[in-house]
Amino acid sequence: MSSPLFLSSAFSTANGHLPLLSPRPATCPSPGFASKPTLAPTATFFYRESVHPRFRCCCCCSSSSSSSSMPLELSTSASDQDDDLGDSLLYSRAYWVSESIIAWNVDVPDGSCYLYASRTAALSISYGGIQGADVEIELQEDKGGLPANVIEKFPHIRDYKAFKVPAGSDAKLLLKCQLAVGTYNSDRKCSDATGLQLPGILDELFSYDGPLGALYAEETVSLYLWAPTAQSVSACIYRDPLGGNPLEVVQLKENDGVWSIKGPKSWEGCYYVYEVSVYHPSALQIEKCYANDPYARGLSSDGRRTLLVNLDSDTLKPEGWDKLVYEKPDILSFSDISIYELHVRDFSVSDHTVHPDFRGGYLAFTLQNSAGVSHLKKLSNAGLTHVHLLPTFQFAGVDDRKENWKSVDAEVLEKLPPDSTEQQAQITAIQNDDGYNWGYNPVLWGVPKGSYASNPNGSCRTIEFRRMVQALNHIGLHVVLDVVYNHLQGSGPFDDNSVLDKVVPGYYLRRNSDGFIEHSTCMNNTASEHYMVERLIIDDLLCWAVNYKVDGFRFDLMGHIMKSTMMKAKHALHSLTKEIHGVDGSSIYIYGEGWDFGEVAKNGRGVNASQFNLSGTGIGSFNDRIRDAMLGGSPFGPPLQQGFVTGLLLQPNGHDHGTKAVEEQMLAAAKDHIQVGLAANLRDFQLTNSEGNKVKGSEVKTYDGTPVAYALCPTETISYVSAHDNETLFDVVSLKTPMGISVDERCRINHLATSIIALGQGIPFFHCGDEILRSKSLDRDSYNSGDWLNRFEFACQHLQDRLQLQF
C-alpha cells in the first residue's frame, strides 16, 4: 500500500484566478480540444470527438495533414491514360522487409514485377513503365507468403504478397538510391507502381550497437552518425553558436552504414551541423539536409547547431555531484512512491521571492528559502516522494532566447472584469511568441531545454539542470522526467525542427500503408518497433539516468511504444549500479499513459505498452477509471456530467443524466469503480459490488464492457483525479457542482477527491496546485495559454480575499 500523503493542512485557498465566463477561442487543434464553457448548468457545449475516449492529447499539434491525407498531384507531362500512375512514386505501398523479400499488396497473376533504382532520383512513370532507372531487377512471387518473423515484426501487412529479390543483388548500394517497384500485365503495360518502405531491410542489414554521437578522448573528439541510406555526410564545425562561417567542413567516412571521423581535441566546446546528402521520399529528390546530431547533448540558443559538450567533464559538475547517489532520499519500495506533477516555468515564474533572473528556470529550485521551495519542503515532510517535471528536453514552441519573447502585463489583466474577452485576446495575440509551452513537441530528446537555463548557449543547460536535480534530492524529493518518445515535432528535409527524418528519411517515423507518416499521437509518430529507434530511446533514458541522475520516467502516450521496448528500457535502467555508473538503477521507477488507440490499437504494430499488456511487468500506467468515476463521465463526454464527488444524484446541477433509476445505477457503478481503484486496480482483488455479489476487479466493467481492473501488483497503477491535461481539480469541481454550493463545500470536495487518491493502494499522483485549489479559469488545454492562466502561487496569504470574488 502507498504511504499516506497528508495534505489536508495545505488545502485551504484557491490560487486566485478570476474565471473567464465566456468561451475561449481554440488555440490548438489537438484531439479532444473543447471550447471553454460557462459555469451556467444550462449552457450548450460543443466538444470535438477524441481519437480515443480516454486519450487526452497533451502536445501542441502542428498544422500538418493527417496520415490519411492524399498527396498533392504532381504536374507531369504524362498523357491522360497515365493519370492513374502519375502520382504513384509519392506513395510507398511496398515494403522491403528483408534482403530477399519485398512485400506488396498487389496481384500479378499473368504479368511480372520489377525493382528499380536511381542514384540521382530520376525515376518517372508512364503507362509504358518506370523510366530513368540505373538498375532494374525482376522479382518473383513467393507463393509461400511472408515468413513468420516478418509477420511478427510487421503484423499489419501479414496478408501481403511476398516477392523474392534475387541473390547477388547489392542491397546496401541500392538502399542509397530512389527505389520503386512496378507490375506489368501480359502485354507489358505498367499496371501498378509505388515507392518502398525500408525499415525492415535497414534493421536486417544495418542494426548497430557501437558508438554514436560525440566521443571524447584525451587528444581527440570523434563523431559517429548512423545514416545507411546517405550518399555522403559532412560535418560543419563552428566556433560560435550563431552566425559566421564554419571553421572547417570535414567529410565523414562510412563503414557499414555508420559515418565517422576523428577530430582534434580543440573541437570540444565548438558547434557542428551535419550535411547529409540523401534521397528523401517526401521530396522525390536527393536532398542536402542540414541536421543536428540525433545524439546531441548540447545545442546553440537557436537550436540549429549541436554543441560538443563532454558531460563527463568535472567543470560541468556541481560540488558533490559524484556523491549524490549516496545522498538521495531512501525509497524502500516502489509502493511508497507519491508523485507531484509540476511544470518548470509554472513553479517559479510568478514567485516574487525568487530573483527575476531565476524565475521560470532550473535555478529556481536551488533557492532554499523561496516560497516555492518552502512549499515543496512541506509536501516532502507530509509524505510526497517524487516531483514529476513536464518536458525538460529540447522542444519547439518556445524560443530559447529570452530577448525574443513577448509578454502581456499581468497587472492589466488583473484589472479587467472576470467575464471580459480582452484577457483572452491579449494572451492569444502573443501566445506563440512568449516563453510558455508545456513542451510536448519534441525536437531533440537528449538535450535540456534552453529556455529554462540562464544562458541557452554553452554548458549552462547541463550545469543548471544538474543543480536542480541535486537541490530537489537534498530536500527529500526524487525527480521524474516526462519523456515524449511517441512523436516528434518536425519531419521532412526542410523543417527546422526535423532531425531524425533528415538523417535517415522514412525510418524513424511510423508510416501507414500508403507510406505517409502516422499522426494519431498528434504528429509524426515514431516507430519503436524499428531497431535503431528503440536503441535511441534506451540510450536517451540511460543518458538522463547516468548523466543527470534522475529517478524516474513518465512516458507520454506509452501505448504507442512497443511493450518490448519498455521491458528493455526497464532492464537497462535497473542494471545501472552505484559502483559502475554512479546510479542505483533498481530505484528508478517508470510509468506512463497506457492508452490503446490509433494504428497501434489491439497490437496492430506489435504488442504495445497498453494498460492490459503491461500486467505483470511492474511498469505503471494511469488509472482513468477512478478519475472518471469520481468526477463524472470522461474528459470527452458531456462536461456537466456528475460523478461520485461532484454530486451525482445527491446534488443535481441541472444536467439531464436520465431518470432517477439511471442516476442510481450510474452512482452504484462509480462506487464499484472506486472500490477497485482503492485496491490499485488489481484484477484479482475480490469485492462485494453494488448488486451484493462477490466479484473480481476484472469482472467489474466500464461503460464499453472493458474490465475496470488490469493490474497484477499495486505499483502498476497510477491513481489520479487531475493532471496537466483538462481542467484543474478545482475548476472541474466548480464546473460540475451546483452553482449554489458554498466555497467551503467546494474545498471539502477537493479534500475528498485527493484523499481517495492519497489513501488508496497504487501510486498516488497529484497535479501541482490541487492542494491550494489551483484554477486555470476553466482552460482545459492550457499548453500554450501563457503564464497568467497557468500560474499558481505558493505565497497564498493574500488569496482568501480573491477567492471570495470567484463566487
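Author: The side chains of Gln-611 and Arg-625 are joined by a polar contact of 2.5 Å (a pair of N or O atoms within 3.5 Å; within protein, one must be able to donate a hydrogen and the other to accept it, and residues adjacent in sequence count only if both atoms are side-chain atoms). This is a predicted model, in which local features need pLDDT of at least 70 and side-chain atom pairs count only at pLDDT 80 or more, while totals for chains, interfaces and linings use all residues. Residues are numbered from 1 along each chain as its sequence is written, and side-chain values use heavy atoms, with hydrogens and water left out.

A second polar contact, of 3.2 Å, joins the side chain of Gln-611 to that of Asp-624. Gln-611 belongs to the loop between β26 (589-592) and β27; helices (H or I, at least four residues) and strands (E, at least two) are DSSP runs, numbered from the N terminus. Gln-611 is buried because its relative accessible area is 6% (buried means under 20%, exposed over 50%, partly exposed in between, with a 1.4 Å probe and protein chains only). Leaving out residues up to four places away in sequence, Gln-611 touches Gly-594, Trp-595, Ser-621, Phe-622, Asp-624, Arg-625 and Tyr-710, where contact means heavy atoms within 4.5 Å.

Ring pairs link Phe-622 with Phe-334, Tyr-589, Tyr-591, Tyr-720 and Phe-765 in a cluster. Rings of Phe, Tyr and Trp (its six-membered ring) pair if their centres lie within 6.5 Å; planes under 30 degrees apart count as stacked, over 60 as edge-to-face and the rest as tilted.

Ser-722 lies in the loop between β30 (717-720) and α16 (729-736). With a relative accessibility of 5%, Ser-722 counts as buried, and its side chain makes a polar contact of 2.4 Å with the side chain of Asp-770.

Strands β27 and β30 both meet helix α15. The buried residues of α15 pack against β27 (620-623) and β30, as well as α14 (624-631), β28 (686-688) and α17 (743-759). Among those buried residues are Glu-663, Leu-667, His-673 and Ile-674. Helix α15 (residues 660-678) has 19 residues and spans 27 Å from its first C-alpha to its last, close to the 27 Å expected, a value given by 1.5 Å times one less than the number of residues. Just after α15, Ala-680 takes a positive phi of about 65°.

The protein as a whole has 19 helices and 31 strands. Of its 807 residues, 62% are buried. Among contacts with a separation of 6 or more, 74% come from residues 24 or more positions apart. The structure holds 27 aromatic pairs. Tyr-114 and Tyr-184 form an edge-to-face pair, 5.9 Å centre to centre with 85° between the planes. This pair links strand β3 (residues 112-118), which holds Tyr-114, to strand β8 (residues 178-184), which holds Tyr-184, across 70 residues. Tyr-184 is buried, with a relative accessible area of 3%, and Tyr-114 counts as buried at 12%.
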